[in-house]
Amino acid sequence: MVPALMLEKRIEIRWRDVDAYGHVNNAVYLNYLEEARDAWVQSVLGPVSGTTWDFVLARVEIDFRAELTQDDRAVIVRCTLDRIGRSSIGTREEVRKEDGSVSAEARSVVVARDPETGRSRPLTEPERDALEAERTE
């Protein structure tokens, strides 16, 4: 099985994203990835509220490929499902310049969370069904 839906989100590079060296600071990439990942989760599982999926980010790994500067104006961040676990999902993400060149590649682990206890919990059947629908044969 391979991932199906790939969400793409265009994010403008803001003045505050750029550090004293003139490039987008490495920590800002986490914000870009989060914006796309949250949009992907909402597109698959619905908006986060008291009655829908509550989750927490457990892991992010980023490989930086090329710097971004204010002159790049915007990035396209892609997010797609990589794997489904018992209580977590893995995603693959990319930060690309508008010309298509890759600036960073990332993998994340998002864990389903019980809002009352703050601990991880198994994915529910409806969540698992929605996630499985994102895969193709």
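The side chains of R83 and S88 form a polar contact at 3.2 Å (a donor and an acceptor, N or O, within 3.5 Å; residues adjacent in sequence count only through side-chain atoms on both sides). The model is predicted: local features need pLDDT of at least 70 and side-chain atom pairs pLDDT 80 or more, while totals for chains, interfaces and linings use all residues. Residues are numbered from 1 along each chain as its sequence is written, and side-chain values use heavy atoms, without hydrogens or water.

R83 belongs to strand β4 (strands are DSSP E runs of at least two residues, helices H or I runs of at least four, numbered from the N terminus). Its relative accessible area is 33%, so R83 is partly exposed (buried is under 20%, exposed over 50%, partly exposed in between, with a 1.4 Å probe and protein chains only). Beyond four places in sequence, R83 is in contact with S88, I89, G90, V109 and R135 (contact: heavy atoms within 4.5 Å). Between R83 and Y32 there are 51 residues in sequence and 21 Å in space, C-alpha to C-alpha.

## Helix α1

Helix α1 covers residues 26-45, 20 residues in total, and its first and last C-alpha atoms are 29 Å apart, close to the expected 28 Å (1.5 Å times one less than the number of residues). Just after the helix, G46 has a positive phi of about 95°.

The buried residues of α1 are V28, Y29, Y32, L33, A36, R37, W40, V41, V44 and L45. Residues three or four places apart in an α-helix point the same way, because there are 3.6 residues a turn. The cover over the buried residues of α1 includes strands β2 (6-12), β3 (55-64), β4 (74-84), β5 (88-97) and β6 (102-112), together with helix α2 (125-132).

## The largest nonpolar core

The largest nonpolar core has 29 residues, and those touching the most other members are Y32, W40, W53, V95 and L131 (a core joins buried Ala, Val, Leu, Ile, Met, Phe, Trp, Tyr and Cys through side-chain atoms within 4.5 Å). Two or more residues come from each of β2, α1, β4, β5 and β6. Helix α1 gives the largest share, nine residues.

With neighbours up to four places away left out, the contacts of W40 are L5, L7, C79, T80, L81, I89, T91, L131 and E134.

D19 sits in the loop between β2 and α1. D19 is buried without a salt bridge, and R16, the nearest side chain of opposite charge, is 13 Å away (a salt bridge puts a Lys or Arg side-chain nitrogen within 4 Å of an Asp or Glu carboxyl oxygen; Lys and Arg count as positive, Asp and Glu as negative, with His and chain ends left out).

D72 lies in the loop between β3 and β4. D72 is also buried and has no salt bridge; K97 is its nearest side chain of opposite charge, at 4.0 Å. The side chain of D72 reaches the backbone nitrogen of T69 at 2.8 Å. Outside four places in sequence, D72 touches I13, E67, K97 and E98.

R73 is in the loop between β3 and β4. With 56% relative accessibility, R73 is exposed. Its phi is positive, near 65°, in a residue that is not glycine.
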